[in-house]
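Please keep the sequence and the coordinates at hand while reading.

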Amino acid sequence: MKRIFSKTVEPFLYAIGFTVLLLFRSIGQSHHLYFKRKEILEQMFIAGVGSLFVVSIVSIFTGMILGLNTGLGLRDFGAEGQIGLLLTITLTREMSPFMTSLILAASVGSAMAAEIGTMKVSEEIDALEVMSINPIRYLVMPRIVGFSLMVPVLCIYSAALGILGGAIVGHFQLGIDMISYFQDVYFRISSVPGLKDLYVGLLKGYVFGITISTISCSQGLRTEGGAIGVGQTTRQAVVTSFLMVIFSGYVLTALFYK
């Protein structure tokens, strides 16, 4: 039992403690935000513009798939005209934050973990410490800030494209009037429940962004074992990010929609 604990539970607890401490240490470096603005903007560009194409394709086809399936289901009750309302709720509240975060975790988060992991095994991070350069301030903080700021922006973009995809399917395959569709969308977004859905979706995106970037940096800083270790770090960063996004998404939904 002791051997199992030392091989499984101890590394797990150490990883949690290291990651949480890394986040707080990064927050402690927030007074350097102005001086690291160039690096933060660079990370925002990588996370935002670099992922724009993939997010666009996935979002519009997700909206089309949801719109088609929802419309076909509602057609049996003569209520297929309500897909605009349902898609707006689904995309702003749940689907867009999840889709965007999972895409970014698989693309940007994995690259972040691999980059820092490569620096770790090649002793570049040790060299930074020898030169009295704080790796948290130099590497981690700009990535967490830049990444977490871009995820909510991409969530709005993803939701808009998903709604557009649903409108295309609704008009050409279900015969729904576009004007009525977008009137339903506007009515939902401008209402109090719709604004709550939007704010909760943005909050989820921000929390997911902090979670993914912190986990990716943490995995990179704990990389060992050369090239093989970098590969294992990248895979573990993506898997852990996926699990934490799903878990934290459920917790936030349970808190705001009891």
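K36 has a relative accessible area of 11% and is therefore buried, a term that stands for values under 20%, with exposed meaning over 50% and partly exposed the range in between (1.4 Å probe, protein chains only). Its salt-bridge partner is E39, with the closest N and O atoms 3.6 Å apart; a salt bridge requires a side-chain nitrogen of Lys or Arg within 4 Å of a carboxyl oxygen of Asp or Glu. E39 counts as partly exposed because its relative accessibility is 27%.

The model is a predicted one, in which local features need pLDDT of at least 70 and side-chain atom pairs count only at pLDDT 80 or more, whereas totals for chains, interfaces and linings use all residues. Residues are numbered from 1 along each chain as its sequence is written, and side-chain values use heavy atoms, with hydrogens and water left out.

The whole structure holds 5 salt bridges. One of them joins E115 to R143, the closest N and O atoms being 2.9 Å apart. E115 belongs to helix 4 and R143 to helix 6, so this pair ties together parts that are 28 residues apart in sequence. E115 is partly exposed at 40% relative accessibility, whereas R143, at 7%, is buried. A further salt bridge links D197 with R188 at 2.7 Å between the closest N and O atoms, and both of these residues are buried. R93, R188 and D197 are linked in a network of salt bridges.

The protein has 9 helices and 0 strands; helices (H or I, at least four residues) and strands (E, at least two) are DSSP runs, numbered from the N terminus. Helix 2 covers residues 37–48, and its 12 residues reach 16 Å from first to last C-alpha, close to the 16 Å expected at 1.5 Å a residue. That expected span is 1.5 Å times one less than the number of residues.

Which residues of helix 2 are buried? They are I40, Q43, A47 and G48. These residues lie on the same side of helix 2 because they cover an arc of only 120° around the axis, the arc being that of the directions from the helix axis to the C-beta atoms. An α-helix has 3.6 residues a turn, so residues three or four places apart point the same way. On the other side of helix 2, K38, L41 and F45 are exposed. The cover over the buried residues of helix 2 includes helix 3 (52–75), helix 4 (83–121) and helix 6 (135–174).

Helix 9 (residues 226–256) has 31 residues and reaches 44 Å from its first C-alpha to its last, close to the 45 Å expected. Its buried residues, among them G229, T233, A237 and L252, pack against helix 4 and helix 8. Helix 8 (residues 192–221) contains T214, which is buried with a relative accessible area of 4%. Beyond its neighbours within four places in sequence, T214 is in contact (heavy atoms within 4.5 Å) with T19, L22, L23 and I144.

For the protein overall, buried residues make up 43% of the 258 residues. Among contacts between residues at least 6 apart in sequence, 82% join residues at least 24 apart. The C-alpha atoms fill a box of roughly 70 × 50 × 35 Å, taken along the principal axes.
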